[in-house]
Each structure stands twice: as structure tokens, then as C-alpha cells.
Amino acid sequence: MSQFYYPSHFIHPEGESAYFIEHIPVWLEKLEPLKNKPNVCLEIGALYGVASVFILENFCKLPGSYLHIMDLNINKYIENNLGPYSNVTYYKGMSEDSLRCFNHQGANKEFLDLVYIDGNHMSKHVLEDAVNSFYYLKPGGYMIFDDVGWGLEDPIHCRPKTGVEAFLHAYSAYLDQVHSGWQVIVRRNDYNMTDEEKTGNYYINWHKD
């Protein structure tokens with residue numbers, strides 16, 4: 001089994017589980033194409049930086065790599081854990097606000113190699129985070145949803161799965177599913193609408209009149 005050892009500076013609250021760690025073997029296997037290349041990554045929801053440090057150490061080591069993090073809060077653990085890295089920016093606030101003006105070195109479309117969505121778990125926000133970040137994702141880039149099986153006993157609008165499935169259905173032609181479980185991993189493909197799909201689209205035909 002593939003393993004990852006956290007650097008010596010990494011700290012985590014005593015007694016709290018670092019749930020991300022159990023997903024590391026899948027990430028190392030499924031995201032193998034991102035290894036040994038520079039990557040620009042986005043993490044929505046970071047908490048103590050368990051996934052953040054893993055991303056920085058595995059996918060953001062080469063020159064040109066960068067990690068953008070969006071979260072409502074900041075704490076002493078993530079401040080410590082991100083401290084040694086210069087190629088990271090932390091956006092404190094709502095992801096829907098941060099994504100409205102998001103760019104990387106002036107680029108504002110299709111520059112991300114990896115998006116990790118683990119922010120607000122309400123289905124509305126999961127769906128919005130996916131849709132809003134999709135347009136920054138390169139063809140060939142990966143999007144990962146966490147906690148897809150969380151809260152299944154809750155009302156449908158409170159479940160992450162509702163937002164994930166809505167996105168997967170609506171964007172199905174543009175995505176290849178890589179992994180399905182507690183986390184879902186998809187890869188953006190280079191799909192383009194056919195001429196038949198374009199001419200059959202109501203909006204396009206209406207707009208031409």
C-alpha cells in the first residue's frame with residue numbers, strides 16, 4: 001500500500017481524528033498522473049490542513065506549482081502547518097465570494113489541475129462550489145468531493161450527496177468518473193458539443209433569430 005508521512009512541523013489537535021488520512025492510498029493511486037509535474041490546486045474547506053499539507057507535499061513540489069485554499073475560518077494549526085510553504089494563498093471567507101474574483105497570476109479560466117471540495121456540506125453549497133470551480137479546471141484536471149455519504153438521514157437539501165449527484169448528472173458529458181465511495185473523484189475530459197447538439201439547443205436557435 002502506498003504511504004505518506006507528514007513532515008515534522010505538522011501538528012494536529014490531540015484527540016481529534018484526521019479523517020483525510022484514510023483516503024491517502026486512493027489519492028496516491030488515482031492521481032498518479034499529477035505526480036512529477038507542476039500543478040495548480042484549489043482546496044475548498046481546509047480545517048487544520050491535513051489535506052493541504054498532503055497536496056503541497058505530493059502535487060505542489062515542482063516549480064510553478066501552487067495551492068489556493070478557501071475556508072471560513074483560520075486557526076493556529078493550519079497557520080503552523082502552512083508556515084513552511086511559500087506557494088500557497090489562504091482566502092478567508094465564503095467560497096462563493098472568493099470564487100467570484102478568483103484567478104491565478106492573472107489567468108481566470110482553466111488553470112487548475114486539482115479541485116478538492118470539502119467546504120459547506122449543504123447540498124446547495126456543494127453544487128455551487130463544483131459549478132463555480134469547474135470553469136477553472138483544465139481538461140484532464142481532477143475534482144474530488146469529500147463526505148459524499150455523510151448525513152444521509154438528514155433532509156435531502158442538507159446532504160452533500162444531493163449536490164454531488166446533481167453536478168454529476170448535469171456535467172456527465174464533461175466528466176469521467178475515476179473513483180466512487182465516501183469520496184468521489186472525477187476527471188474533466190475534453191468533450192465538445194457536436195454540431196447536432198449545438199443546432200438542437202433551444203438557446204442557440206433562439207439567439208440566432
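## Residue classes and the model

In the classes used here, Ala, Val, Leu, Ile, Met, Phe, Trp, Tyr, Cys and Pro count as nonpolar, Asp, Glu, Lys and Arg as charged, and the others, Gly among them, as polar. The structure described is a predicted model.

## Overall architecture

The protein contains eight helices and seven strands. Its radius of gyration is 18 Å, close to the 17 Å that the globule rule gives for 209 residues, and the protein is therefore as compact as a globular protein of that length. Along the principal axes, the C-alpha atoms fill a box of roughly 65 × 45 × 35 Å.

Of the 209 residues, 45% count as buried. The accessible surface amounts to about 11,300 Å², and carbon and sulfur atoms contribute 52% of this area. Among contacts with a separation of 6 or more, 68% are made by residues 24 or more positions apart.

## The largest pocket

The largest pocket has a volume of about 630 Å³. Its lining comprises 33 residues, of which Gly 45, Ala 46, Leu 47, Asp 71 and Asp 118 are the closest to the pocket centre. Two or more lining residues are supplied by each of strand S1 (40–44), helix H2 (50–59), strand S2 (66–71), helix H4 (95–100) and helix H5 (123–134).

By class, the lining of this pocket consists of 13 nonpolar, 12 polar and eight charged residues.

## Helix H2

Helix H2, one of the elements that line the largest pocket, has nine of its 10 residues buried, so it is largely enclosed by the rest of the structure. The buried residues of H2 are Val 50, Ala 51, Ser 52, Val 53, Phe 54, Ile 55, Leu 56, Asn 58 and Phe 59.

These buried residues pack against two further helices, H1 (24–30) and H3 (76–82), and against strands S1, S2, S3 (88–92) and S4 (112–117). Strands S1 and S2 also give residues to the lining of the largest pocket.

Rolling a probe the size of a water molecule over the atoms shows where empty space is left. A search of the whole structure identifies one cavity of 30 Å³ or more. The space in the largest cavity is about 50 Å³.

The residues lining the largest cavity are Ile 117, Asp 118, Gly 119, Asn 120, His 121, Val 126, Phe 145, Asp 146, Pro 160 and Val 164. By class, five of them are nonpolar, three polar and two charged. Asp 118 lines this cavity and is also among the residues closest to the centre of the largest pocket.

Conventions: Residues are numbered from 1 along each chain as its sequence is written. This is a predicted model: local features need pLDDT of at least 70, side-chain atom pairs count only at pLDDT 80 or more; totals for chains, interfaces and linings use all residues. Side-chain values use heavy atoms; hydrogens and water are left out. On a 1 Å grid over the protein atoms alone, a cavity is a set of points where a 1.4 Å probe fits but cannot get out, and a pocket is an open set with protein on both sides within 12 Å along at least five of seven lines; lining residues have an atom within 4 Å of a point. Grid points are joined across faces, edges and corners, and a volume is the space filled by probe spheres set on the points. Helices (H or I, at least four residues) and strands (E, at least two) are DSSP runs, numbered from the N terminus. The radius of gyration is taken over C-alpha atoms; the globule rule is 2.2 Å times the number of residues to the power 0.38. Buried means under 20% relative accessible area, exposed over 50%, partly exposed in between (1.4 Å probe, protein chains only). Contact means heavy atoms within 4.5 Å. Accessible areas come from the Shrake-Rupley method with a 1.4 Å probe; for residues, only the protein chains shown count as cover.
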